[in-house]
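Let's take a walk through this model, starting with how its chains meet. Keep the 3D view open as you read.

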Amino acid sequence: MLAINGLQVRYGAIVAVRDLSLSVAEGELVALVGANGAGKSTTMAAIAGVVKPSTGTITFLGQSLRGRSSEAIAGLGVALIPEDRGIFPSLTVEQNLRLGAYLRRGQKDLGKDFASVYRRFPILAERAKQGAGTLSGGEQQQLAIGRALLSRPKLLMLDEPSLGLSPTMVDRMFELIDELHRDGTTILLVEQNVRRTLEIVDRAYLLTNGRLTASGTPEQLRREVDIAGAYMGGRAAAAGDISEGRTG
Amino acid sequence: MQTFLQFILNALSLGSIYALMALGLVIVFGILRLVNFAYGELIMVAGYAWFALQGPGWPWVLLAVGAVIAAGVVSVLTERVAFRPVRSDSLNAMLVTSFAVSTLLQNSALLLVSPRARAVEVPSVLNNSIEFGGLRLGVNDLVTIVVCGAVLLALGALLRRTTLGIALRAAADDFRMLRLLGVRADKVIATAFAISGVLAGVVGVLWITRIGAVTPTVGAAPLLIALIAVVVGGMNGLAGSIVGGYLLGTLTVGLQLFLPQEVLAFRDAFIFAVVIIVLVLRPQGLVKGRYSAERVA
């Protein structure tokens, strides 16, 4: 579904992502993991057309995304939930959701989808008329996901969905991603919480300083734990996260 | 008491024109971070459109609608032809472009019409006044208040109820995210310019029927007023510009009414003094807004 080949992204003199190749198949849940500044978010921004790659190709459903605007890429069915969630604080919760359905405006089954979002996130139904800026972090993340789902994305990209959330909310978020995956949504996930991430994904790519350093199924990655630990800034915590696996 | 009511009425009338002026300027600013210096010329366009249409003796409403449409169309055209090509460059490029558009439009009026003022036929009813309980209500003022109120309500409904209006407000919050949801930047920006142009058109009609004439530089004063109203009210939201507009209108009328005869010539100096005091005390403007500092490329 999504194929990236030899991707390089620069911010001025700094190379944020170099020679990255990866793929996501339909229905898969794939994660990009790695330390801060490893280039995970940049990779997602490049896919979504927010930043322009200097070299490399990105193809989605057989179509090249190069040179396309982010609105055109969204039109192809790619939805990105950025790290800051991108909630519009001046609008109500309902108006935020309405913009999520912008590409499908006028479609008949929209009401059904709104109902299903409200069923999945009851708090959003409760706060529908409230200003979105007044929501808590966890509620905002639910709004961001609900909004993205309303566009019925073919590929959903989540950038650090658990960032800044309370522990119970983090649990809920991972459950939700797992749920969406089971429902058949293709997901590309960026996460800092490596242990939890490896519990739910089909495959993962490990990025270090903009380079791909390991990839494979969670089992394969856990086996390569020494390499991973070293690349993740040599932090014992990170290495521990991976080797601990399901327990803990 | 009568003086006071008279004062309220005049302040409301002038204030609502100023509020519309400011709104037209800030609706583009909120999205592009661009102070469109060609905004005054849209008001001029409305004036000349009125002047051009007034020959055959059409009804006033038709002239007014024609003038508003002309300003709206020219506004959208300037966006398409002048601003869009430089949008991805620096903000300064857009600012300079707006000066260029302003000069171009002014000089077009100089060349195509005349450097001298052209009289516009003002509906005679506007100069009448209604006696009401010892109060003299100018028809002009009443029409202005009603028209501006209706425009404000319509704009409010547009921004709250329609998808495009909601997208406009969202664009002022976070344009990058709006595009990620599949909303075309060009469409949103063109809409903002269209609204700005229509507001300039309404202001133009009201302004020119007050003055009774149109000149190539007729837009300079409204632009300055709008800028001051926006800065005083707060650049970061639509509410601020409305507050700023009404405040400036009230101040102007108040000083006109209560200043002693011998210092009346310095009315504007007093206005600016108040503006400076406001900005010293509240540099962010009276109304705190929410627009981010980002700009769309």
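## Where the chains touch

Chain A brings 22 residues to the contact and chain B brings 18 residues; two residues are in contact if their C-beta atoms, placed from the backbone, lie within 7 Å. This is a predicted model, where local features need pLDDT of at least 70 and side-chain atom pairs count only at pLDDT 80 or more, while totals for chains, interfaces and linings use all residues. Residues are numbered from 1 along each chain as its sequence is written, with chains lettered from A and ligands numbered from 1 in the order in which they are written.

On the chain A side, helix H2 (70–75) and helix H3 (93–100) are the elements that give two or more residues. Helices here are DSSP runs of H or I, at least four residues, numbered from the N terminus.

## Helix H3 of chain A

Seven of the eight residues of H3(A) are buried, so the rest of the structure largely encloses this helix. Buried means that 20 or more other C-beta atoms lie within 10 Å of a residue's own, with C-beta atoms placed from the backbone. Among the buried ones are A:Val93, A:Leu97 and A:Gly100.

What does the covering? It includes helix H4 (110–120), helix H5 (122–126) and helix H6 (137–149) of chain A, plus helix H6 (163–180) of chain B.

## Two domains in chain A

Chain A splits into domain 1 (2–77 + 153–244) and domain 2 (90–152), with bounds from an automatic or database domain assignment. Their C-alpha centres are 25 Å apart. Domain 1 puts 10 residues into the contact between them, and domain 2 puts in seven.

Notes:
Buried ≥ 20, exposed ≤ 12 C-beta atoms within 10 Å, placed from the backbone.
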